[in-house]
Structure formats: structure tokens, C-alpha cells
Amino acid sequence: MNIILVGAQWGDEGKGKIVDILAKDADYIVRYQGGNNAGHTVVAGNKEYIFHLIPSGILHKGKICCIGNGVVIDPAILLKELRDLRFAGINLTNRLKISSLAHVILPYHKILDQLRETKRAHKIGTTGRGIGPCYADKTIRCGIRMVDLLNSGVLRDKLKDNLKEKNEIFKKVYKHPGFNFSRIYKEYLNYGRIFSSYICNTQRLLNSAIGEKKDILFEGAQGTFLDIDFGTYPFVTSSSATAGGACIGSGVSPVRINKVIGVAKAYTTRVGEGPFPAEFPSKFAKVIRDKGNEFGATTGRPRRCGWFDSVMVKEAVLLNGISELAITKIDVLEGLKTIKICTAYKYKGKLFREFPADLQALKNSKPVYEEMAGWDKTVPNLCHYQKLHPNVNKYLKKLQDILNAKISIVSVGSSREDTIFLD
Ligand code: IMP
């Protein structure tokens, strides 16, 4: 079975934990878009791991993890992740495969990302990791790919060509001194040497694996509403975070995909700027932020928090073809008297039950809520772990009915064990 796992909100839905759980039934786990703007947290045993580039499935012995062609790679971060995993005693031999076609983040991408952000009147609130500029170079066809790091002549020519143009822009537009060719060249050639045994044709590898009836899990980063096309543009990331991105970012045909599973938090969070209709007032946001530890795994920024927005998640179900959902962090809501679900938006006297494409409508709309009774303990009796509080069941049933997708996994805590599977 080949499964795509996607975020149904604005990222940080808890995909890392769900990937880790599903990975035990997969043979291959593939990251297909984004870069080290993502931070996937997995708690295994009593240790917490945060992955930015390597698929969260790496913690399972014997599984093969791929970084697909759709990912943008900062080699320094990848190297650190490899070293940390080795230090933790995780054997990577023949288990990590990096697409030769994946684009490389260079020092000038990171600086440009940060400089652009300071100049913008309406800031996006990027992670400053160079993601946007790297994808921009890919699209305007001057990007450097992993395979280029293996060929000194090609790397020299491409880097020289890039720096000729970019250094002029840095100096003239941003009053920045620009970048030295030799330093970057040496550093990145060295990365090529280090990663040479991992770089390969991952699209061929994955298709051969499918031919041998192996199971593949595609691990999405960010979330549907950060997707470059379907997200709240321009407050989005620069890649295709929806299910379609899994095919483009891995070289596996859509006809090979069997199922799409969406991950959504029991409430909503967002990092960075952009509209957020169901956002909590700041005092209540702080309560939930502290309770749910809602701080970015990559940048440590406080996440904005709000009620579950079913208008958004319903749109995500449609766009991704989600048939099953995992609902995470439901325990964070315990202790509240009432729980709200946003079921529509009101804008200029009109009721919107569907997600508006017009950002102005979204920005200026007021949420319409349905209220439900809260609960004290999500799992009232630890001896009957799979039994949720009746009000939790009512909440989940309501979400299921509105979203028209089956909720099959409920996460009630950060560890692997705090997971309830519903039939
Ligand atoms: P960029 O991806 O660094 O260009 O950032 C663009 C927007 O996406 C910003 O609002 C970021 O906060 C947001 N973003 C990027 N990656 C993630 C993620 O993994 N989780 C949540 N938000 C993200």
C-alpha cells in the first residue's frame, strides 16, 4: 500500500509522530517537498528527535528513507542530522537515499531570504532558511542540484555564473558585500564527497520498489494552507505541500498511490503572518500555547492558536483526496468548559461554508462557531486506554460528519504509546 501523509492545516499538525507510527508498516519513507523549514518531532522511548530533512521513519530499523527530488537541501543541516543520528546509535548504512535531482540551498539563498523579508512592506514571516530563493532558482533554471556537487567542473561553472549575477544584486539592491566564490566552492565540493554514497536516482529506486510490491509512505512537510498554489498566498511556503506534490517530488505516478491520510490538530495553529479567521484572543491563545507547547520546532517562534476550522480542513480533504484523518493533540483541549468548531465564515453579510479563494474575504471574515461541551480527562480510565471521554467521542463524531472523512487515529500525547486507533 502506498500512502501519502499530508498536513490539513498550516503545518505543525504532528505529522512527525504519525509518520513514525505508520512507518512500521512501510518499507520506504519519502520526503517529497520543503526543506529545513520543517521540523518533525518524534518521541521514541524517552528521547525526543527533531528532524528537518531526514524522514521521521529513520528511527525504524531496516526502513529505507529517501529525500526526494522535490526537497531543497541545506547540506550543512543534513550533515548535522546524519551525525546526530549516528551519535544516537542509529545505523544508516544503505538506509538513506538522496535524490541526485534535489536542489541545494546555498549561502546566498539564506541571506537573500532574510534581506527580502526585511524589505517587504507585508512580511511573510519566513523561516529565513533560504527555501523561497532556492525554489525560485530551480524555477528560473539556475539552481544547483545534488548531482552537481559530484562534478567539480559543473559546480564551478554554475556557481560562477550564479555569483556573477547575484553579487551584483546583493551589492546594488541590498548593499550587501556579496559572496566569495572559492569559499563556497570548496565547502560544497566537500559536501559532494561526504554525500556521494547517498546520492542516487531515487525515482528509479522507488518505482522498482513498487514493482516488487514494497510499501511506500510519503511524508509531507508543512500543510495544505502553506501550499504554493492552494494556500493563503502569499503567506505560504514555496513548494507543493498538497498530495499532488508527492508525485512531482518523488517521480512516482499518481496511479501508484492507494490512499491519502490527512493530519489535523484538534485545534488550529499557524506560524508567521497571514489571515487566521478562527484565531483565539491573545490571552486564551497563551493558555493553549503553553499547554500545547506551541513553539516552532525549527525557529522556536510562538505559534498563533485558534479553534478547529472545519471550513479549512474540509477544503484540505477535497484538495488532497483525504479518506482518513489523524487528529492530534486532543488532550490539550481538556479542562475547557466549551469547545468551538468554526463551521463557516461571515463576510460582507454573506455566509461562506466553503474556503474562499479571495484572501481579502478570508482576512476580513468573521468565524461562525458551533459549540460543544468540553471534557476534563481525555482518557478517563488508564486501565481502559482505548476508551475516550464521551464528549471527546462526540467532538470527533461531529468533525467526522462535517469533514466527511473517517477519523482513524487519535493522538492523546507526544509518545508513540499515546495513540488510539479507531475502527
Ligand atoms: P518559508 O517556508 O521559510 O519560506 O516560510 C513561509 C511561511 O511558511 C512562513 O509563514 C513560515 O512560518 C511557514 N512555514 C514554513 N515551514 C513551516 C513548517 O514546517 N511549519 C509551519 N509553518 C511553516
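Which residue does the side chain of Glu 370 meet in a salt bridge? The close-ups below get to that pair in the last view, and every one of them comes from a predicted model.

**View 1. The chain splits into three domains.** Here's the layout to keep in mind: domain 1 takes in residues 2–99 + 199–261, domain 2 runs over 103–194, and domain 3 covers 264–421. Domain 1 is written as two stretches, 2–99 and 199–261.

**View 2. Inside the largest nonpolar core.** This core holds 65 residues, and the members touching the most others are Ile 4, Phe 218, Phe 308, Ile 330 and Tyr 395.

**View 3. Where domain 2 touches domain 3.** Still, they do meet, with six residues of domain 2 in contact with five residues of domain 3. About 390 Å² is buried between the two, and carbon and sulfur atoms give 49% of that area. On the domain 2 side, look for Gly 125, Thr 127 and Arg 129, which lose the most area to domain 3 and together make up 69% of what that side buries.

**View 4. What kind of contacts join domain 2 and domain 3?** Three residue pairs are in polar contact between them, while the salt bridge count there is zero. Sorted by class, the domain 2 side of this meeting place has one nonpolar, three polar and two charged residues.

**View 5. A salt bridge between Arg 120 and Glu 117.** The side chains of these two residues come together at 2.4 Å, N to O.

**View 6. Neighbouring numbers, joined side chains.** Arg 156 and Asp 157 form a salt bridge, and their closest N and O atoms are 3.6 Å apart. Arg 156 has a relative accessible area of 35%, so it is partly exposed.

**View 7. Back to Glu 370.** Its partner is Lys 398: the two side chains meet in a salt bridge at 2.7 Å, N to O. Across the model, the count comes to 18 salt bridges.

Conventions. Residues numbered from 1 in each chain as written. Predicted model: local features only at pLDDT ≥ 70, side-chain atom pairs only at ≥ 80, totals over all residues. Heavy atoms only, no water. Core = buried A, V, L, I, M, F, W, Y, C linked by side-chain atoms within 4.5 Å. Buried < 20%, exposed > 50% of the residue type's maximum accessible area, 1.4 Å probe, protein only. Domains from an automatic or database assignment. Contact = heavy atoms within 4.5 Å. Buried area = accessible area lost by both parts, 1.4 Å probe. Salt bridge = Lys/Arg side-chain N within 4 Å of Asp/Glu carboxyl O. Polar contact = N/O pair within 3.5 Å; in protein donor to acceptor, adjacent residues only side chain to side chain. Nonpolar A, V, L, I, M, F, W, Y, C, P; charged D, E, K, R; others polar.
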